[in-house]
Amino acid sequence: MQAAGRFVVLAACVALTAGAQARAQTGTALPMKHAPARTQTAITPADLMTRLYLYSDDSMMGRLAGSEYNLKATAYIASEVKRMGLQPAGDSGGYFQNVPLVKRQLDPSASFSVDGTAFRTWDEFVPRDPGRATRPFDGAQVTYGGVWPDSTIISADQAAGKFIVLGAHNGPNVPPPQQVNRAAILGRYRAAAGIAVVALETLPPQAITFFRQAQTILRDAPEPTDTISLPVYVYVSAAGARALLGVPLDSVKVGAAGKTVHGAVSFVEIPAPARNVVAILPGSDAKLKGEYVAIGAHNDHVGFDQTPVDHDSIRAFNDAVRKLKLASPNHRVTPNQVQQIRVNVDSLHRLHPARRDSIYNGADDDGSGTTSVLEIAEAFAGARGSAKPKRSIIFVWHTGEELGLFGSRYFTDHPTVTRDSIVAQLNMDMVGRGRADDENGGGPGYLELVGTRRLSTELGDLIETVNKARKQPFTFDYQFDATGHPEQYYCRSDHYMYARYGIPIAFFTTGNHRDYHQVTDEPEYIDYDKLAHVSQFVYDVATAVANLDHRVVVDKPKPDPHGNCVQ
Ligand SMILES: [Zn+2]
């Protein structure tokens with residue numbers, strides 16, 4: 001599942017080094033490595049174990065979209081569906097649908113100078129990427145614009161064609177309306193040659209690190225607004241402002257002219273490899289085989305980083321945080337509580353040495369969904385006679401989910417079967433956990449459902465009916481489907497990209513847990529019996545939808561496909 005905020009992983013790591021130490025934990029029941037065995041047609045825990053230990057192995061390096069490891073991961077999926085005999089349904093007769101991701105980063109030749117003295121990039125000036133072309137500013141006149149957002153700041157007309165310097169209210173207690181707001185500043189001063197905001201001293205180092213990183217984005221057909229350039233937007237220090245204005249900030253009048261700036265700041269885009277895997281099992285009914293039930297998961301995860309952490313320390317720490325959250329779900333864990341978590345690494349390391357890890361293997365997220373879809377595909381491919389579904393099944397393993405639902409956005413914008421022929425989409429993201437220590441009410445029968453009645457009451461009812469027919473029915477937790485739920489699950493995984501086009505969806509997940517987006521999301525912590533049950537259940541739901549004598553009825557309003565998702 002996509003992270004709710006960009007600093008989620010970072011925040012946890014910072015907290016650990018700030019206050020926590022690991023406590024000894026009991027050993028895990030499953031091994032770190034598992035020898036693969038031949039898979040069979042039936043959906044089994046053993047097959048899922050074979051697949052998931054392969055798919056979330058360190059050799060996959062976290063499967064990040066835009067990296068060669070996404071190609072490696074998707075190659076495994078494609079080789080499996082080929083072996084199963086499914087029809088390719090990607091680009092030009094193959095199983096892959098290439099998704100045009102690019103990495104945007106500052107042009108290495110960027111420069112910014114005044115009076116012949118260059119500002120050092122990322123140190124003396126920090127540029128922000130506007131996501132599109134930036135305006136040339138070489139030779140522009142510097143003008144002091146005042147302190148944002150005071151009433152005395154210069155007008156948009158006064159700023160036109162100028163490189164403006166804006167002071168800022170810095171400090172810990174500045175109320176939000178008084179804070180620097182890049183969108184508002186760019187909105188007001190769109191006609192400026194450039195904007196320098198004097199706030200560099202207050203930017204946290206991790207923010208600068210984040211701004212420096214290349215941003216991977218979906219570069220589909222350029223939007224019309226891409227042709228309009230924006231002013232360059234940079235952060236400078238008070239000393240930098242003095243160099244630009246020729247006098248100290250506190251002695252300059254609003255609207256006063258400063259020096260002349262030179263240089264160029266632009267951003268470049270480099271193609272980044274990423275692909276969906278798409279395969280079809282043709283339906284058995286001549287009339288209905290032109291319609292599809294889509295089953296999906298995401299093939300990517302978040303890659304690896306350069307700062308290894310000790311597996312057991314971080315897990316013990318996150319275990320303690322999770323316990324606090326489960327004990328008090330509506331209460332945000334406070335920094336104070338985080339400080340109070342004391343765990344003893346030494347006693348842990350008497351049992352075994354530190355296991356340093358920097359690869360996010362994403363066994364649950366979404367190795368579980370990916371291998372589940374493979375198991376479902378294998379079961380459908382082996383179905384004979386009346387067990388064959390009447391409608392066709394289209395399996396889509398989406399790329400770039402973690403970076404912004406890019407693969408599912410691209411597939412639904414450029415579907416390889418007619419979009420209207422997809423009668424429903426069943427999405428699995430994180431379906432291998434949900435134990436009692438993961439969720440309140442967790443256990444073997446625990447399953448969260450999201451979105452099942454948001455477009456089609458019939459689909460939601462059908463899922464309940466299929467569940468009641470099970471020997472051991474699941475207990476559904478619908479809390480994350482609530483309108484406006486702050487966790488935003490309806491908007492945070494691939495199913496929404498289908499729902500925005502009015503395709504009824506069901507999102508199956510066993511929910512969040514202490515290893516979410518951590519290096520500890522490993523295959524030894526997966527509940528394979530549970531994963532097999534969820535897979536069989538989704539198989540049964542897909543069969544029921546595929547064999548209906550009509551399409552599941554859409555009886556709810558459709559969202560705007562190009563608007564924002566509303567939880
Ligand atoms: Zn995720």
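Visitor: What spacing do the donors of the zinc ion follow along the chain?
Guide: This is a predicted model, in which local features need pLDDT of at least 70, side-chain atom pairs count only at pLDDT 80 or more, and totals for chains, interfaces and linings use all residues. Residues are numbered from 1 along each chain as its sequence is written, and side-chain values use heavy atoms, with hydrogens and water left out. Donors are N, O and S atoms within 2.8 Å of the metal (3.2 Å for Na, K and Ca), and sites may look incomplete because water is not among the atoms. Read along the chain, the donors of the zinc ion are spaced as M-x363-D-x36-E-x114-H.

Visitor: Which word describes the arrangement of the 6 donor atoms around the zinc ion?
Guide: The protein donors are Met1 (N), Met1 (O), Asp365 (OD), Glu402 (OE), Glu402 (OE) and His517 (NE2), at 1.8 to 2.7 Å from the zinc ion. Four donors count as tetrahedral if all angles lie between 85 and 135 degrees, while four count as square planar and six as octahedral if opposite donors are over 155 degrees apart and all others between 65 and 115; anything else is irregular. Because the 6 donor atoms here subtend angles of 59 to 154°, the arrangement is irregular.

Visitor: How many residues apart in sequence are the parts that aspartate 365 and histidine 517 tie together?
Guide: Helices (H or I, at least four residues) and strands (E, at least two) are DSSP runs, numbered from the N terminus. Aspartate 365 belongs to helix α11 (residues 363–381), whereas histidine 517 sits in the loop between β22 (505–509) and α16 (528–547), so the parts tied together by the pair are apart in sequence by 152 residues.

Visitor: Are aspartate 365 and histidine 517 buried or exposed?
Guide: Buried means under 20% relative accessible area, exposed over 50%, and partly exposed in between (1.4 Å probe, protein chains only). Aspartate 365 has a relative accessible area of 0% and histidine 517 has 3% relative accessibility, so aspartate 365 and histidine 517 are buried.

Visitor: Which strand is joined to β15 by 7 bridges?
Guide: Two strands pair if DSSP finds at least two bridges between them. In β15 (residues 292–298), 7 of 7 residues are buried; Tyr292, Ala294, Gly296 and His298 point one way, and Val293, Ile295 and Ala297 the other. On β19 (residues 422–428), which runs parallel to β15 and is joined to it by 5 bridges, isoleucine 422 is the bridge partner of tyrosine 292. Alanine 294 stands opposite isoleucine 394, and the parallel strand that 7 bridges join to β15 is β18 (residues 392–398).

Visitor: Which side chain makes a polar contact with that of glutamate 80?
Guide: Glutamate 80 lies in helix α3 (residues 68–84) and is buried at 11% relative accessible area. Contact means heavy atoms within 4.5 Å, and leaving aside neighbours within four places in sequence, glutamate 80 is in contact with Arg51 and Leu374. A polar contact is a pair of N or O atoms within 3.5 Å; within protein, one must be able to donate a hydrogen and the other to accept it, and residues adjacent in sequence count only if both atoms are side-chain atoms. At 2.7 Å, the polar contact of the glutamate 80 side chain is with the side chain of arginine 51.

Visitor: Which side chain does a polar contact of 3.3 Å join to that of threonine 39?
Guide: Threonine 39 is placed in the loop between α1 (8–19) and α2 (45–55), and with 16% relative accessibility it counts as buried. The polar contact of 3.3 Å joins the side chain of threonine 39 to that of arginine 83.
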